[in-house]
Amino acid sequence: MEIEWHNHEVQKKMSNMEELRKIIGLKLTKMVKLRFNQIEATEDFQEFMKYGFGKPHPLKGDMKKYFGIGITGNYRLVIMQKDNKKIIVRGVIDYHGDKYNGLIP
């Protein structure tokens, strides 16, 4: 499956692991990299959902088009399915119930 980016700012921060480490720290960066590897290793979105890496789940409210994928504790990688072979990465959020606190962008 292919990964695309929500915008240039997200791409700049998340496609460079050293840049990402400076923003969110080593532990979260390693988990984001693991999730990217898992996404890229699956053939399509349905296969990714079937395996359940990071317990993907639909988000609510203003973000109902997106899925949260667990990174650690409250942190989620936020993605949207573009088509069955591509996702769009929106960023990394700190998720508390209905409140979203973005780390990236």
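This is a predicted model: local features need pLDDT of at least 70, side-chain atom pairs count only at pLDDT 80 or more; totals for chains, interfaces and linings use all residues.
Student: Where do I start with the nonpolar residues?

Tutor: Start with the general idea. In soluble globular proteins, nonpolar side chains tend to be buried together. Here, the largest nonpolar core has 21 residues. Those with the most contacts inside it are Met 14, Val 32, Ile 39, Leu 77, Ile 79, Ile 87 and Val 89.

Student: Which elements give two or more residues to this core?

Tutor: Helices H1 (8–14), H2, H3 (26–41) and H4 (45–51) do, along with strands E3 (67–72), E4 (75–83) and E5 (86–96). H3 gives the most, with four residues.

Student: What does Met 14 touch, not counting residues up to four places away in sequence?

Tutor: Its contacts are Trp 5, Leu 20, Val 32, Phe 36, Leu 77, Val 89, Gly 91, Val 92 and Ile 104.

Student: How should I read charged pairs?

Tutor: Side chains of opposite charge can pair when their charged atoms come close. This structure holds five salt bridges. In one of them, Lys 82 pairs with Glu 4, with the closest N and O atoms 2.9 Å apart. Lys 82 lies in strand E4 and Glu 4 in strand E1 (residues 2–5), so the pair ties together parts that are 78 residues apart in sequence.

Student: Which other lysine forms a salt bridge with Glu 4?

Tutor: Lys 86 does, at 3.6 Å between the closest N and O atoms. Lys 86 is in strand E5 and Glu 4 in strand E1, 82 residues apart. Shared partners join Glu 4, Lys 82 and Lys 86 into one network.

Student: Are these three residues buried or partly exposed?

Tutor: Lys 82 is partly exposed, at 48% relative accessibility. Glu 4 is partly exposed at 22%, and Lys 86 is partly exposed at 23%.

Student: Where do Glu 9 and Lys 13 lie?

Tutor: Both are in helix H1, four residues apart, about one turn of the helix.

Student: What should I check in the backbone?

Tutor: Just after H2, Gly 25 has a positive phi of about 90 degrees. Lys 55 also has a positive phi, near 50 degrees, in a residue other than glycine. Lys 55 sits in the loop between H4 and strand E2 (57–58). At 69% relative accessibility, Lys 55 counts as exposed.

Student: Which peptide bond is cis?

Tutor: The bond from Ile 104 to Pro 105 is cis, with omega near 10 degrees. Pro 105 lies in the segment after strand E6 (99–104).

Notes
Residues are numbered from 1 along each chain as its sequence is written. Side-chain values use heavy atoms; hydrogens and water are left out. A nonpolar core is a set of buried Ala, Val, Leu, Ile, Met, Phe, Trp, Tyr and Cys residues joined through side-chain atoms within 4.5 Å. Buried means under 20% relative accessible area, exposed over 50%, partly exposed in between (1.4 Å probe, protein chains only). Contact means heavy atoms within 4.5 Å. A salt bridge is a side-chain nitrogen of Lys or Arg within 4 Å of a carboxyl oxygen of Asp or Glu.
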